[in-house]
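Welcome! Here are a few exercises for exploring a new structure, each with a worked solution.

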Amino acid sequence: MTWLSPDRDVIDAYRNLRERMMGLLRSQPDEAGEIQVPACPAWTVRQLVAHMVGVPDDLLAGRLDGVASEAWTAAQVGRLGTLPLEALADLFAEQASDFDSMLGRIPAPVNSQVVFDAVTHEHDFRHAIGKPAHRDSAAVTVGLGFMLHMTDERHPGGAERLRSLGMSDFELLRCLSGRRSVEQLKTAGLTAGEVALLFEGSPVRPPDIDLHG
């Protein structure tokens with residue numbers, strides 16, 4: 001079976017996520033941009049959003065050297081990480097039409113990976129500002145599908161094992177995106193060996209502290 005969502009659903013999920021983020025950004029005082037993000041403690045909210053906006057900005061501009069690397073991400077934060085939250089929302093809006101068209105040409109599973117990254121950071125953002133919501137969004141479905149696909153690529157049958165734990169899509173997504181500690185993963189039903197296998201060959205790592213957003 002495939003865990004990946006149809007291409008049309010991927011585009012719609014990203015579009016709706018972007019609209020939610022623009023609304024959130026425009027509803028926050030600019031000082032909220034200086035809040036530290038618990039799930040990404042090296043970043044403030046402003047820097048987190050600079051990365052979120054920077055991904056489509058780089059893809060549209062053809063800045064693909066080192067794509068998805070720490071250096072690529074750091075360049076986004078360096079370029080956009082001092083902008084007001086309102087300006088970051090405006091940049092999201094300016095990108096919309098061209099990026100939706102581009103996303104429609106990005107093949108699976110990379111198109112779903114774009115949504116996975118964005119939805120992970122949407123909820124990092126919500127956790128930081130204390131605005132949890134939309135935990136059952138289409139973007140959660142697309143992002144989780146990407147991670148289950150990658151799990152089966154590395155460990156065939158692993159996705160079904162994760163599904164058997166009975167977690168909600170949101171909670172499982174947060175586990176797979178490195179937003180739950182080893183102790184939280186064990187409490188969810190994974191053995192120590194399974195936790196090690198889960199992140200083998202992946203850049204994602206569990207945090208040192210329990211996270212609940």
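**Exercise 1.** Are Asp-124 and Arg-179 buried or exposed?

*Solution.* Both Asp-124 and Arg-179 are buried, where buried means under 20% relative accessible area, exposed over 50%, and partly exposed in between (1.4 Å probe, protein chains only). Before going on, please keep in mind that this is a predicted model, in which local features need pLDDT of at least 70 and side-chain atom pairs count only at pLDDT 80 or more, while totals for chains, interfaces and linings use all residues. Residues are numbered from 1 along each chain as its sequence is written, and side-chain values use heavy atoms, with hydrogens and water left out.

**Exercise 2.** Find what joins the side chains of Asp-124 and Arg-179, and where the two residues sit.

*Solution.* Step one: their side chains meet in a salt bridge at 2.6 Å, N to O; the term stands for a side-chain nitrogen of Lys or Arg within 4 Å of a carboxyl oxygen of Asp or Glu. Step two: the pair links distant parts of the chain, 55 residues apart, with Asp-124 in helix H5 and Arg-179 in the loop between helix H8 (169–176) and helix H9 (182–187). Helices here are DSSP runs (H or I, at least four residues), as are strands (E, at least two), numbered from the N terminus.

**Exercise 3.** How is Glu-171 paired with Arg-180, and how accessible is each partner?

*Solution.* Step one: the side chains of Glu-171 and Arg-180 form a salt bridge of 2.6 Å, N to O. Step two: Glu-171 is partly exposed at 26% relative accessibility, whereas Arg-180 is buried at 2%.

**Exercise 4.** How far apart in helix H1 are Arg-8 and Asp-12?

*Solution.* Step two: they are four residues apart in helix H1, so about one helical turn separates them. Step three: Arg-8 is partly exposed at 46%, and Asp-12 is partly exposed too, at 27%. The whole structure has 20 salt bridges.

**Exercise 5.** Which residues line the largest cavity?

*Solution.* Step one: the lining consists of His-123, Arg-126, His-127, Pro-132, Arg-135, Phe-170 and Gly-213. A cavity is a set of points on a 1 Å grid over the protein atoms alone where a 1.4 Å probe fits but cannot get out, and lining residues have an atom within 4 Å of a point. Step two: helix H5 (residues 110–129) gives the most to this lining, with three residues.

How values were computed
On a 1 Å grid over the protein atoms alone, a cavity is a set of points where a 1.4 Å probe fits but cannot get out, and a pocket is an open set with protein on both sides within 12 Å along at least five of seven lines; lining residues have an atom within 4 Å of a point.
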